[in-house]
Amino acid sequence: MGEETELAPLDATKENGHNTDRERISIIGTGNFARALATRLVHNGYSVVCGSRFPDRRDLAKYDDTLTVVRVTSIDTALNQANLVILALPADAIVSTLTPFREGTVGKILVDVSNPDEKKREGQAESNAESISKAFPDAAVVKAFNTLSAYAIEFDYTSGVRNVYVAGDDEAACGKVRDLTRAIGFTPVQFGRLSKSAALEAMQQELMANWTAPLVITGVVFLVWFLFGLWRFQIKRGGDWERLPLKSMNKIIGSTAITLLALCFLAGGLAGVVQIINGTKYKRFPGWLDRWMKMRKELGLLALCLAAVHAVMCLAHVSPIYYPKWYDVTTVIVRTVDGAEVVVPIRYDHNWKGQCIMSMGVVAMCFLTIVGLASLPGIADRLTMRQWRFIQSYLGQFSLVATVVHVLLKAAPKWVSMSVIVQNMGFLCLIVPTLTVLLRFVLALPFVSGYIEKIRGGWERNASREPTQTYM
Ligand SMILES: NC(=O)C1=CN([C@@H]2O[C@H](COP(=O)(O)OP(=O)(O)OC[C@H]3O[C@@H](n4cnc5c(N)ncnc54)[C@H](OP(=O)(O)O)[C@@H]3O)[C@@H](O)[C@H]2O)C=CC1
Ligand SMILES: [Cu+2]
């Protein structure tokens, strides 16, 4: 590899009166991201030039055969080879690397893919892209690709079309980047002007974007059930610690799962109540309900995850030893050598109770899995609005009802004989889910649901009054 003097100058790409310079893209840098982008560009018919500090030492072909057609040149030459230049350099090296070649940036579209080094960027308001734009005012800087990994760019051709967020002040430049993005198999999403690039860079820094609150709620719900279970199954019974990791934990995790599932569907139910009270859909939900509504997907997925753990734990330990009431036992009487008669069990079969509990658990798990899968991007994108609503609303509520029946079958008869019902975990963990099911049932009654549909269709009870005020 080396200086590519035989490369055609930029103007030579104008053929037959058509400007085909879109076909040649320059990438500055030869690292992971540069190679991934170069591979994908070459696969899609682009000619790629990579600019390096050490062009003589960079042999891209050794990474992938596709890259044999990629020329590695000096940074200066690479800048001159294309109108669209992708800067695949470490964030803090971009300005210093390009400054000696300022001339070459004039009139160019510079695509900034960089993500900030978290520690260095703390408290710094300006994004990488804005710093580059300030340093090279004669170039059109566009932020793009930073939310994708090099791996996804190079290898992920199968898992649906990924979004590439584009931000920039020059609309023509953004348009070219969007075209390029589409041409190599991604979906461009214009995210706004360059000032929005800070949000794109921050997006990449967030490990758990929308998951913090749902995870905290899950932790609190789990802790409540854990402390109750610890007191109920271990401390109150004076020990039995060896059953804590599996038998007790299974009940604790199951209770956490059903509570989270109920919380997921309770939000929508309360939203319906609020809309009925307000008599309009044009009034904002109170802040707490709004935040709660926005975390339904995460709560549902966490419920699914814990329900799966509960199912596996059940398989691991449900047996006549722990749950004798779920089984019918066939016994034989064996006479011992000294003449005593011993009753020996020879066969266990699930009785009605055991069969119904287990099968209802399987049904609930099955529906919950469909609802969970349908909420994932990639699958959700392929559903029509009607299909999505059917799965999320009907199948979702059916899975909650099946879960309630599953727990009810397991725990209910015991309540009757229990002197202190509030000590029964099965009873306690059903309170919120049962109230949720009842609320959703009431909201589904024809005259109530008709009223809500009317409100959601834009009808207002007090339409003639003064403009609606909003909650703060
Ligand atoms: N890797 C990833 O998955 C992702 C990366 N990005 C962004 O892409 C950019 C490049 O990342 P990546 O390819 O992983 O990084 P690498 O460290 O693998 O590559 C950076 C390249 O930049 C060149 N370079 C120029 N100046 C310097 C310098 N001062 N110090 C080090 N390298 C320099 C080097 O090429 P040469 O030696 O040939 O000059 C080097 O190969 C970063 O801004 C990163 O934030 C964004 C999203 C995901
Ligand atoms: Cu269960």
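How far is an oxygen atom of ligand 1 from an N or O atom in the side chain of S52? The separation is 2.6 Å, in a predicted model where local features need pLDDT of at least 70, side-chain atom pairs count only at pLDDT 80 or more, and totals for chains, interfaces and linings use all residues. Residues are numbered from 1 along each chain as its sequence is written, chains are lettered from A and ligands numbered from 1 in the order in which they are written, and side-chain values use heavy atoms, with hydrogens and water left out.

**Ligand site**

| Residue | Part of the residue | Distance to an oxygen atom of ligand 1 |
|---|---|---|
| T30 | side chain N or O atom | 2.5 Å |
| S52 | side chain N or O atom | 2.6 Å |
| L89 | backbone N or O atom | 2.6 Å |

Taken alone, ligand 1 exposes 870 Å², of which the protein buries 73%, the areas coming from the Shrake-Rupley method with a 1.4 Å probe. Ligand 1 is surrounded by 22 residues, the closest being T30, F33, S52, R58 and L89, where a residue counts if one of its heavy atoms lies within 4 Å of the ligand. Sorted by class, this shell holds 10 nonpolar, 10 polar and two charged residues, with Gly placed among the polar ones and Asp, Glu, Lys and Arg counted as charged.

**Domains and annotated spans**

The domain assignment of the chain gives domain 1 (10–203) and domain 2 (209–456), and their centres, taken over C-alpha atoms, are separated by 49 Å. Helices here are DSSP runs (H or I) of at least four residues, and strands are runs (E) of at least two. For "domain: Ferric oxidoreductase" the unreviewed UniProt entry lists residues 254–401, a span that is 64% helix and 13% strand, with end C-alpha atoms 15 Å apart.

Under "transmembrane region", the unreviewed UniProt entry lists several spans, including 211–232 and 299–323. Residues 211–232 are 95% helix and 0% strand, with end C-alpha atoms 31 Å apart, whereas residues 299–323 are 76% helix and 0% strand, with end C-alpha atoms 30 Å apart.

**Salt bridges**

The model has nine salt bridges, each defined by a side-chain nitrogen of Lys or Arg within 4 Å of a carboxyl oxygen of Asp or Glu. One of them joins D112 and K143, whose closest N and O atoms are 2.7 Å apart. Because D112 lies in strand β7 (residues 109–112) and K143 in strand β8 (residues 140–143), the pair ties together parts that are 31 residues apart in sequence.

Definitions and conventions:
A polar contact is a pair of N or O atoms within 3.5 Å; within protein, one must be able to donate a hydrogen and the other to accept it, and residues adjacent in sequence count only if both atoms are side-chain atoms. Domain bounds come from an automatic or database domain assignment. UniProt positions are given in the numbering used here, feature names are shortened, and annotations may be inferred rather than shown by experiment.
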